[in-house]
Amino acid sequence: MTDPASYWPPFGLTLTTPRLVLRPIRDEDIPAAVDAAASGIHEPGRNPFSTPWTEAPPQELGTNMAQWYWRCRSGMTPNDWTLLLGIWHEDDFIGCQDIAAKDFAMLKTVTTGSWLRRSVQGSGLGKEMRAAVALYAFDHLGAEVAESEAAAWNQRSLGVSRSLGYEPNGITRANWAGKTQDVQKVRLTPAAFHRPAWQLQVQGHEALAKYLGLPV
Ligand SMILES: CC(C)(COP(=O)(O)OP(=O)(O)OC[C@H]1O[C@@H](n2cnc3c(N)ncnc32)[C@H](O)[C@@H]1OP(=O)(O)O)[C@@H](O)C(=O)NCCC(=O)NCCS
């Protein structure tokens, strides 16, 4: 059978770190993604996301996740794209690291977001997957800035950012699902990046870069 990566280049991308494999979530991966999310991502009532997607009733969670994955894929253009990378650790699906950009050719800026199932949090995997996408963005896509944000109370997410060299980029007040939330923005440049000691392995970049209209 024809590999879907031959007509949908993002599916061909694979990033490999010492402990993790990151690659775009395919339809056959969605059940594992839903199981990982349903197993719990955060303390009940402590939603760390701007959209409270984890608080959907169990029977709606999978539908919403699948629709989100399909929406991101179907809306992808060189001027506005989101790569939803699944995270595998020892062959288990454990979370998601996304990387997105608008007007990338002009702004050379990516934004990121991520989650891990609770059972694997706190052992450095979140830092490893964010480092992977920062390396990919700076060294392969040619990004000059990587931005992120987290609720001001989310010390784990902000801890990942701090530890990779992100600098505070202002606090904004936002409406997160009807709740007032102070949101800490952070910003990383190649010069400030605390590069990991390991090398990132990248497969499938060329076809994706061509698809995104970037120099190869
Ligand atoms: C955010 C998340 C992806 C981070 O992944 P993680 O594997 O738990 O974090 P790590 O173990 O990689 O921690 C990385 C760094 O943060 C630091 N850190 C972790 N918890 C911290 C805390 N409570 N306070 C301060 N720093 C903390 C660690 O010390 C580490 O830095 P170091 O390497 O310099 O010691 C994960 O916790 C998660 O999925 N949380 C729920 C969803 C979420 O909040 N997503 C982000 C929304 S913005």
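Q: How far is a backbone N or O atom of V160 from an oxygen atom of the ligand?
A: That distance is 3.3 Å. For a polar contact, the pair of N or O atoms has to be within 3.5 Å.

Q: Before we go on, what sort of model is this?
A: It's a predicted model, where local features need pLDDT of at least 70, side-chain atom pairs count only at pLDDT 80 or more, and totals for chains, interfaces and linings use all residues. Residues are numbered from 1 along each chain as its sequence is written, and side-chain values use heavy atoms, with hydrogens and water left out.

Q: OK, which residues come nearest to the ligand?
A: S114, L116, G124, K127 and N154, out of 22 residues around the ligand. Being around it takes a heavy atom within 4 Å.

Q: What does G124 do there with a backbone N or O atom?
A: That atom of G124 sits 2.7 Å from an oxygen atom of the ligand. As for S114, one of its polar backbone atoms is 2.8 Å from a ligand nitrogen atom.

Q: Switching to helices, at what angle do α4 and α5 pack?
A: About 55 degrees, with the axes 10 Å apart; α4 is residues 125–141 and α5 is residues 155–164. Helices here are DSSP runs of H or I, at least four residues long, and axes are lines fitted to C-alpha atoms over the stretch in contact, with angles from 0 to 180 degrees between N-to-C directions.

Q: Which residues meet there?
A: From α4 you get G126, K127, R130 and A131, and from α5 S157, V160, S161, S163 and L164. Contact means heavy atoms within 4.5 Å. By class, that's three nonpolar, four polar and two charged residues.

Q: And how do α1 and α2 cross?
A: At roughly 125 degrees, with the axes of α1 (residues 30–38) and α2 (residues 58–74) coming within 10 Å.

Q: Which residues make that contact?
A: I30, A33, V34, A37 and A38 of α1, plus L61, G62, M65, A66, Y69, W70 and R73 of α2. Sorted by class, that contact has 10 nonpolar, one polar and one charged.

Notes:
Helices (H or I, at least four residues) and strands (E, at least two) are DSSP runs, numbered from the N terminus. Ala, Val, Leu, Ile, Met, Phe, Trp, Tyr, Cys and Pro count as nonpolar, Asp, Glu, Lys and Arg as charged, and the others, Gly among them, as polar. A polar contact is a pair of N or O atoms within 3.5 Å; within protein, one must be able to donate a hydrogen and the other to accept it, and residues adjacent in sequence count only if both atoms are side-chain atoms.
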